[in-house]
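Hi,

Here is the structure I promised to pass on. Have a look at it first, then read my notes below.

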Amino acid sequence: MSHVDRTARLRIVLDDTEPAIWRTVEVPLTISLKGLHEVIQAAMPFEDEHLFGFRIDGKHYTVPDAEFDTPETYSAELMTLRAVWEEGIRQFAYTYDFGDNWQHTITVEEVFEADPVAEYPRLLAGEGRAPPEDVGGTFGYEEFQDALEDPDHREHASLVDWCGGSFDPSTMDVEMIRARMGRLVRAKR
């Protein structure tokens with residue numbers, strides 16, 4: 001990876017979920033919002049199968065698409081976290097999957113000189129397992145958890161099969177997340 005001068009420590013919280021799902025990551029301050037999207041996908045982890053957008057200071061940033069964009073849509077590939085920081089913005093929103101509408105709050109906790117031997121992005125901490133793709137948003141996720149916890153629920157067997165046998169919302173697969181982060185590091189070299 002190219003030399004990183006400054007690093008941002010971010011806290012990413014998936015809003016309106018029980019138990020709480022959050023991650024703390026460090027990323028280069030020069031990262032684009034598109035790159036930050038990739039970090040969030042790796043950190044939760046999600047599968048990057050849906051559209052995304054950032055809402056920052058009243059503006060919407062995403063990957064441009066002439067079919068869906070409005071004049072108020074800006075390129076996530078061209079906007080950097082550094083530019084957000086320099087505007088004095090310390091908290092902003094990220095939405096993944098406009099159908100399920102997974103809302104995240106991203107807080108810039110600190111910006112500091114990068115560790116010259118560290119590889120970025122990197123996961124520092126977190127709690128909880130992100131909901132499976134296409135579970136139906138916050139309401140669907142609650143129903144999903146209820147059905148998994150109740151063997152007599154009419155959807156229990158099909159949802160156990162759908163999610164691959166088991167789903168523990170309190171666990172976070174740290175090794176898998178770090179491996180996904182490592183792939184991002186290697187891709188930037």
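**What I found**

Pro 19 sits in the loop between β1 (6-14) and β2 (21-28). Keep in mind that this is a predicted model. Glu 18 and Pro 19 are joined by a cis peptide bond, with omega at about -10 degrees.

There is another cis bond to look at. It runs from Met 44 to Pro 45, and its omega is near -15 degrees. Pro 45 belongs to the loop between α1 (33-43) and β3 (52-56).

**Backbone angles**

Most peptide bonds are trans, and most residues other than glycine have a negative phi. Which way does phi go at Asn 101? Phi is positive there, about 60 degrees, although Asn 101 is not a glycine. Find Asn 101 in the loop between β6 (91-96) and β7 (102-113). Asn 101 is partly exposed, because its relative accessibility is 36%.

Asp 134 is not a glycine either, and its phi is positive, near 65 degrees. Look for Asp 134 in the loop between β8 (122-127) and α3 (137-149). With a relative accessible area of 46%, Asp 134 is partly exposed.

**Helix α1**

Is α1 enclosed or open to the outside? Nine of its 11 residues are buried, so α1 is largely enclosed by the rest of the structure. The buried residues include Leu 33, Leu 36, Val 39 and Ile 40. His 37 and Gln 41 are also buried.

Lys 34 pairs with Glu 38, and their closest N and O atoms are 2.9 Å apart. Both residues lie in α1, four residues apart, which is about one turn of the helix. Glu 38 is partly exposed, at 22% relative accessible area.

How many salt bridges does a search of the whole structure find? The count is seven. Arg 180 and Glu 47 form one, with the closest N and O atoms 3.8 Å apart. Arg 180 is in helix α5 (residues 174-188) and Glu 47 is in the loop between α1 and β3, so the pair ties together parts that are 133 residues apart in sequence. Arg 180 is buried, with a relative accessible area of 15%. Glu 47 is partly exposed, at 47%.

Glu 155 and Arg 154 form a salt bridge as well, with 3.2 Å between the closest N and O atoms. Glu 155 is partly exposed at 32% relative accessible area. Arg 154 is exposed, at 73% relative accessibility. There is also a network of salt bridges that links Arg 9, Glu 26, Glu 110 and Arg 122.

**A charged patch**

Negative charge gathers in a patch on the surface, and Asp 16, Glu 18, Glu 142 and Glu 143 are among its residues. Asp 146, Glu 149, Asp 150 and Asp 152 belong to the patch too. Asp 16 lies in the loop between β1 and β2. Asp 16 counts as exposed, with 62% relative accessibility.

**Trp 162**

Trp 162 is part of helix α4 (residues 156-162). At 41% relative accessibility, Trp 162 is partly exposed. What does Trp 162 touch, leaving out residues up to four places away in sequence? Its contacts are Pro 132, Glu 133, Asp 134, Val 135 and Phe 144. Ala 93 is 69 residues from Trp 162 along the chain, and their C-alpha atoms are separated by 30 Å.

Best wishes

How values were computed
Residues are numbered from 1 along each chain as its sequence is written. This is a predicted model: local features need pLDDT of at least 70, side-chain atom pairs count only at pLDDT 80 or more; totals for chains, interfaces and linings use all residues. Side-chain values use heavy atoms; hydrogens and water are left out. Helices (H or I, at least four residues) and strands (E, at least two) are DSSP runs, numbered from the N terminus. Buried means under 20% relative accessible area, exposed over 50%, partly exposed in between (1.4 Å probe, protein chains only). Patches are made of residues with over 30% relative accessible area and no salt bridge: like charges are joined within 9 Å, nonpolar side chains (Val, Leu, Ile, Met, Phe, Trp, Tyr) within 5 Å. Accessible areas come from the Shrake-Rupley method with a 1.4 Å probe; for residues, only the protein chains shown count as cover. A salt bridge is a side-chain nitrogen of Lys or Arg within 4 Å of a carboxyl oxygen of Asp or Glu. Lys and Arg count as positive and Asp and Glu as negative; His and the chain ends are not counted. The place of a charge is taken as NZ of Lys, CZ of Arg, CG of Asp or CD of Glu. Contact means heavy atoms within 4.5 Å.
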